[in-house]
Amino acid sequence: DNDGDGMPDATETAAGRNPNHAGDLAFEFGTDGSFDGWSGFANITNRSVSGGSIKGSTVTGDPQLTQGGFAFDASEIEQIEIRIQASAAGQIQFFWGNSITPGFAATRRIDVAYAPAGSWQTLVVALAGHPEWTGKTITTLRIDPISVVGASFEIDWIRAVPPLSAYDQWAESNSVVGAKTDDDDSDGLLNLAEYALGGNPTNPADRGHVPTIQTGTNGLDYVHAQRSAPNSGVTYTVETADDLVAPMWTTNGVEVVGTGPLDAEFNTVTNRISTETNSERFIRLIIE
């Protein structure tokens, strides 16, 4: 269980989930009779799983579903979403324990209001930035489904939401509409390339830090910008070919000979390309 989400890696892979990141943690209750690992049903009666949801009735105002066996990095989950319906309006409480303080306590609890009664609601438990969540290893979870005596409830699913990637944050702040492989401003640069080179995806006149070529002794220096943040999520690869009729693109003969700061977000990378054996070379920058 590489990501510590309580699911064996092989099971995650078979389910199309990422075994190396807890951001896709989810409980779908898709198998009748299977509680997806939830137990410790304190103050809950008539509990069952059928028709794709977990159901029950509260005996007191403090009903509890708990699950342990986790060891995931809290930074991989920004919030938890719970799709729920209950017969009464009230509070949903979300608790957790971590490797330092494994028990449940008010300091590790977030309350979310549920209303109106009888309606399906997707409740959001915002965890990012909480001092008892951030930077911790999470070991246990607890959900108190509705803080009302004698209320019935039904939970359709419980799902984690990972933080936005660096690219997604940039796309959101720059009003990008299309996918990474689209070209929102029709300037010839895909949205991902605009991000990678510091361009403005909504202004065709701003293509960011355009790569340059400088001549040197027995070679060319191909200089491109590169995002300096280690979590930028983008890779840069310089390749060359001898012709464009039937090009054999390769990184052979490309040597990084220098890097340096460009601005607050970018460095420059200088790639030396030898021309000793071929007087004519074609160069491309692959951004992924």
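**Chatting through a predicted model**

Student: Let's start with serine 186: buried or exposed?
Tutor: Serine 186 is exposed, because its relative accessible area is 62%. Here buried means under 20% relative accessible area, exposed over 50%, and partly exposed in between, with a 1.4 Å probe and protein chains only.

Student: What am I looking at, by the way?
Tutor: This is a predicted model, in which local features need pLDDT of at least 70 and side-chain atom pairs count only at pLDDT 80 or more, while totals for chains, interfaces and linings use all residues. Residues are numbered from 1 along each chain as its sequence is written, and side-chain values use heavy atoms, with hydrogens and water left out.

Student: Thanks. Where does serine 186 sit?
Tutor: Serine 186 is in the loop that runs between helix H2 (166-173) and helix H3 (191-197). Helices (H or I, at least four residues) and strands (E, at least two) are DSSP runs, numbered from the N terminus.

Student: What's its phi like?
Tutor: Serine 186 has a positive phi, about 55°, although serine 186 is not a glycine. Most residues other than glycine have a negative phi, and most peptide bonds are trans.

Student: What about the phi of aspartate 36?
Tutor: Aspartate 36 also isn't a glycine, and its phi is positive at about 50°. You'll find aspartate 36 in the loop linking strand E1 (26-27) to strand E2 (39-42). Aspartate 36 counts as partly exposed, because its relative accessibility is 26%.

Student: And serine 34, which loop is that in?
Tutor: Serine 34 lies in the loop between E1 and E2. Its relative accessibility is 27%, so serine 34 counts as partly exposed.

Student: What does serine 34 touch?
Tutor: Phe29 and Val49 are in contact with serine 34, leaving aside neighbours within four places in sequence. Contact means heavy atoms within 4.5 Å.

Student: Switching topic: which peptide bond is cis?
Tutor: The bond from alanine 115 to proline 116 is cis, with omega near -5°. Proline 116 belongs to the loop between strand E9 (109-114) and E10.

Student: Now asparagine 271: which strand holds it?
Tutor: Asparagine 271 is part of strand E17 (residues 266-274). With a relative accessibility of 4%, asparagine 271 counts as buried.

Student: Which residues does asparagine 271 touch?
Tutor: Residues up to four places away in sequence aside, asparagine 271 touches Leu220, Asp221, Tyr222 and His224, plus Val238, Val254, Glu255 and Val256.

Student: Zooming out, how many helices and strands are there?
Tutor: The protein has 3 helices and 18 strands.

Student: What overall dimensions does it have?
Tutor: Along its principal axes, the C-alpha trace spans about 85 × 35 × 35 Å. The radius of gyration is 26 Å, whereas a compact globule of 288 residues would have one near 19 Å. That radius is taken over C-alpha atoms, and the globule rule is 2.2 Å times the number of residues to the power 0.38.

Student: How much of the protein counts as buried?
Tutor: Of its 288 residues, 39% count as buried.

Student: Last one: what share of contacts join residues at least 24 apart?
Tutor: Taking contacts between residues at least 6 apart in sequence, 62% join residues at least 24 apart.
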